[in-house]
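Here's a chain to look over together.

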Amino acid sequence: MSDAPAHTPVRPRRSWRRLLIVCAIVALLLGVPWWTLLSPAADWPLAVTVAGSVVLLAAFLGLPLMMMLGHGRRHLDWAAVTGDVLLGSAWVLFVWSVIGQILGVVLLLAGVPDPLRARVVAVAVLVTVVVLLAWGHHEAMRVPRVREVDVPMPRLGPGLDGLRVVMITDTHYGPINRAQWSAAVIDRVNDLHADVVCHVGDVADGTVAVRLEQAAPLERVRATSARVYVTGNHEYFSEAQGWLDYFQRIGWDVLHNKHITVARGGDTLVIAGVDDRTARASGLEGHGADLGAALAGADPQLPVLLLAHQPKQIPAAVEAGVDLQISGHTHGGQIWPFNFLVRLDQPLVAGLSRHGDRTQLYTSRGTGFWGPPFRVFAPSEITVLTLRRSAA
């Protein structure tokens, strides 16, 4: 028997710090709404103040717990849905409570006294939030609108002029079973008569086995020339290789740091793809964005369409002389005004932009949604990129 003193397991300080940070953020997200809706200045009946406070306190306690159970090691879908709804609702409520405080200042300057002023602000904020959440949920769950964009590519051969590239990305098949939605999305894609169909990553949150019902319609995608896929960062949260194997099994070209060529009318287009920029850090053997490997053996005189999940992968594309990079990842911000925070991390939130002398970048707002089932002022899209042989 050892004489060494027994060591009682101690929870790492880092975990406690993380918990305190999370609690502080949640307290801010719900504390500002509490003050906006239930401040003493409003002089609500006691029953209203108590009921409202209980609801917000339950959200404060439930949000971290549901996120931990839903997105932690247990991966309980019901908890993930509950936590995601609470998170999205808290964000919208926080944003419009801040705006409500500004409205309160305007009413104060206009001479409106309390409790009328505080009550007008509270009702206006509450009604706005309810309307936006209802509308945002509808936008998130609907089949995306088709967005058509003409992209000039001067190096494109005349035989490829008018090539139709249909792009879907960020489908995020997840804890809400959207199998019917997925089937409807693919029906709409097939109605577009694509030459090339691209899925630019973040196909699902979970393994192939868990999300197969929602992913199954991808097998029905039709394209006259090619169907191509690259990984997004969320694949590396579960099983990236499993998703690569699945797409290969259903007949798609998996652009795992590789390229294919598409020919029409005597002209050729290189379609290349790279792993997500987080792939190398995942530790998964053989994974990591490598544009050099993706373009190895390609004729440098040919135009290049590159699939790269994150817009911030554009510097490598510019250096390699890529003509067009298509990306997703940003969701267009998904819930306004989160787009301003996304812009701090990515060079573009949505749309077509130019980088360097040759390279263009198209960033999709995404086909599905992640987490909170809401899209507020950031509609989803299925994108038709028509490549045009015209001067840029």
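## Strand E9 and its neighbours

Start with leucine 306: its bridge partner in E9 is glutamine 325. This is a predicted model, by the way. The strand that pairs with E9 here is E8, covering residues 304-307, and the two run parallel with three bridges joining them. Getting from E8 to E9 takes you past helix H9 (residues 314-320), and these three pieces make up a right-handed β-α-β unit.

Glutamine 325 has a partner in another strand too: leucine 361 in E11. E11 spans residues 359-363, runs parallel to E9 and is joined to it by four bridges.

So where do the side chains of E9 point? In a regular strand, side chains alternate between the two faces of the sheet. E9 (residues 324-327) shows Leu324 and Ile326 pointing one way, with Gln325 and Ser327 pointing the other. Buried or exposed? All of these E9 residues are buried.

## A six-stranded sheet

There's also an open sheet of six strands, with mixed pairing. Read across, its order goes E1-E12-E2-E3-E4-E5. At the edges sit strand E1 (145-152) and strand E5 (253-254), each of which pairs on one side only.

Inside that order, look at E3 (residues 196-199) and E4 (residues 226-229): they pair in the parallel sense, over four bridges.

## Two domains, one chain

Zooming out, the chain splits into domain 1 (14-140) and domain 2 (145-389). Their centres, taken over C-alpha atoms, are 35 Å apart. How many residues are in contact across the two? On the domain 1 side there are 21, and on the domain 2 side 20.

The size of an interface is often given as the accessible area lost when the parts come together. For domain 1 and domain 2, about 1800 Å² is buried between them, and 72% of that is on carbon and sulfur atoms. Trp91, Glu139 and Ala140 supply 31% of the area domain 1 buries against domain 2, more than any other three residues.

## Salt bridges

What about charged pairs at this boundary? Two salt bridges turn up across the interface of domain 1 and domain 2.

A salt bridge to look for in the model is the one between arginine 145 and glutamate 139, where the closest N and O atoms are 2.9 Å apart.

Note on methods. Residues numbered from 1 in each chain as written. Predicted model: local features only at pLDDT ≥ 70, side-chain atom pairs only at ≥ 80, totals over all residues. Heavy atoms only, no water. Buried < 20%, exposed > 50% of the residue type's maximum accessible area, 1.4 Å probe, protein only. Pairing = 2+ DSSP bridges. Right-handed = clockwise from strand over helix to strand, strands pointing away. Domains from an automatic or database assignment. Contact = heavy atoms within 4.5 Å. Buried area = accessible area lost by both parts, 1.4 Å probe. Salt bridge = Lys/Arg side-chain N within 4 Å of Asp/Glu carboxyl O.
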